[in-house]
Amino acid sequence: MRWVLALCLLLLLSTLARSEEVVLGLSDNQVSIDTSFTGSQILIFGAVKRETPIRTDSPLHVVITVQGPKQRVTVRRKSRWFGIWINTDAVVADAAPSFYAVATTAPLDEVLTQTEDLRRKISINRAIRSVGAPDTIKDASNFTDAIIRIRQNEKLYQEMEGSVKLDQQTLFRTAISMPSDLTEGEYLVRIFLTRDGEIVSNYDAAIDVRKVGLERWLFALSREQPAIYGLMALVIAIAAGWGASAAFRKLRNW
């Protein structure tokens, strides 16, 4: 009899866990980068699908992240020795997103527990994975802070608390601005529904960012045939220099 009650309880909990699910939409699932590309704005919208009435005892919140391809980054610190600035310390970030945005319906520490953040790597700090720093460096966290600070200034890292609009605990939407210097690749979009700081549902989608036209051709040439790309760049530089010199002589004699 006990195992029957336990099975019924598990089925009930499973049903409750699936009672709220994300239905997602994107204004565009592909971003094309060409010579005139100055940035893009992606509209992320969706709805909460329910099998039970809306709960009034605890509000629902939405957390949205957009993550670009991860890169290995070495952060160096300069120190002044005898009047000369030199690199003295270095810490490697094993996986730092080239672009990262997190948008929420309320302050992040109110809608997400530290445990969930640690498990899902949602906040900007958690999204960067660092390897062990040398024993000689006692302030390794400052190196991660430096990555975040630099990329926030370049609009590559964005934390937008309260920017997700949630209507009637059902419809949500936000806009993510993507700068012009995007890294080519797949950008992961994650949607989390949270209640009391705990994740009750999540959904993943992808945005494909690719170079097109002349940008794509030059990028592929530099990777696949670097010798030809280098010779072409040299010829263009020589031609540009000769053309500028000829124009200057003509203007001087005019």
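Salt bridges to begin with. The structure holds four of them. This is a predicted model, so keep that in mind throughout.

Take R50 and E20. They form a salt bridge, with the closest N and O atoms 3.2 Å apart. That pair links distant parts of the chain. R50 sits in strand β3, residues 40-50, and E20 sits in strand β1. The two are 30 residues apart.

E20 has another partner. R195 forms a salt bridge with E20 as well, and here the closest N and O atoms are 2.7 Å apart. R195 lies in strand β12, residues 185-195, while E20 is in strand β1, so this pair ties together parts that are 175 residues apart in sequence.

E20, R50 and R195 are linked in a network of salt bridges. Is E20 buried or exposed? E20 has a relative accessible area of 6%, and buried means under 20%, so E20 counts as buried. R195 is buried too.

Now a pair with another setting. R173 forms a salt bridge with D167, the closest N and O atoms being 2.8 Å apart. R173 is partly exposed, at 41% relative accessible area. D167 is partly exposed as well, at 34%.

Back to strand β1, and to V22. The strand covers residues 20-26, and V22 has its place there. Why does V22 count as buried? Its relative accessibility is 8%, and the cut-off for buried is under 20%, so V22 falls in that class.

What does V22 touch, once neighbours within four places in sequence are left aside? The contacts are A47, F172, I191, L193, S201 and Y203. There is also a C-alpha distance for V22. V22 and L171 are 149 residues apart along the chain, yet their C-alpha atoms are separated by 9.9 Å.

That leads to the chain as a whole. The secondary structure comes to seven helices and 13 strands. The protein chain has 254 residues, and 35% of them count as buried. It exposes about 15,700 Å², with carbon and sulfur atoms supplying 57% of that area.

Next, surface charge. Which residues gather in a patch of negative charge on the surface? They are D109, E110, E159 and E161. Look at E159 in particular. E159 is found in strand β9, residues 157-160. E159 is partly exposed, with a relative accessible area of 43%.

Last topic: backbone angles. Most residues other than glycine have a negative phi. Two residues here are worth a look on that score.

One is K155. K155 is not a glycine, but its phi is positive, at about 65 degrees. Where does K155 lie? K155 is in the loop between α5, residues 141-153, and β9. That is the strand that holds E159. K155 has a relative accessible area of 54%, and exposed means over 50%, so K155 is classed as exposed.

The other is Q169. Phi of Q169 is near 55 degrees, again a positive value in a residue other than glycine. Q169 is found in the loop between β10, residues 165-167, and β11, residues 171-178.

To close, back to the network. E20 pairs with R50, and E20 pairs with R195. Those three residues form the linked set.

How values were computed:
Residues numbered from 1 in each chain as written. Predicted model: local features only at pLDDT ≥ 70, side-chain atom pairs only at ≥ 80, totals over all residues. Heavy atoms only, no water. Patch = residues over 30% accessible without salt bridge, like charges linked within 9 Å, V, L, I, M, F, W, Y side chains within 5 Å. Areas by Shrake-Rupley, 256 points an atom, 1.4 Å probe, with all protein chains shown as cover. Salt bridge = Lys/Arg side-chain N within 4 Å of Asp/Glu carboxyl O. Lys, Arg positive; Asp, Glu negative; His and termini not counted. Charge placed at Lys NZ, Arg CZ, Asp CG, Glu CD. Helix = DSSP H or I, 4+ residues; strand = E, 2+ residues; numbered from the N terminus. Buried < 20%, exposed > 50% of the residue type's maximum accessible area, 1.4 Å probe, protein only. Contact = heavy atoms within 4.5 Å.
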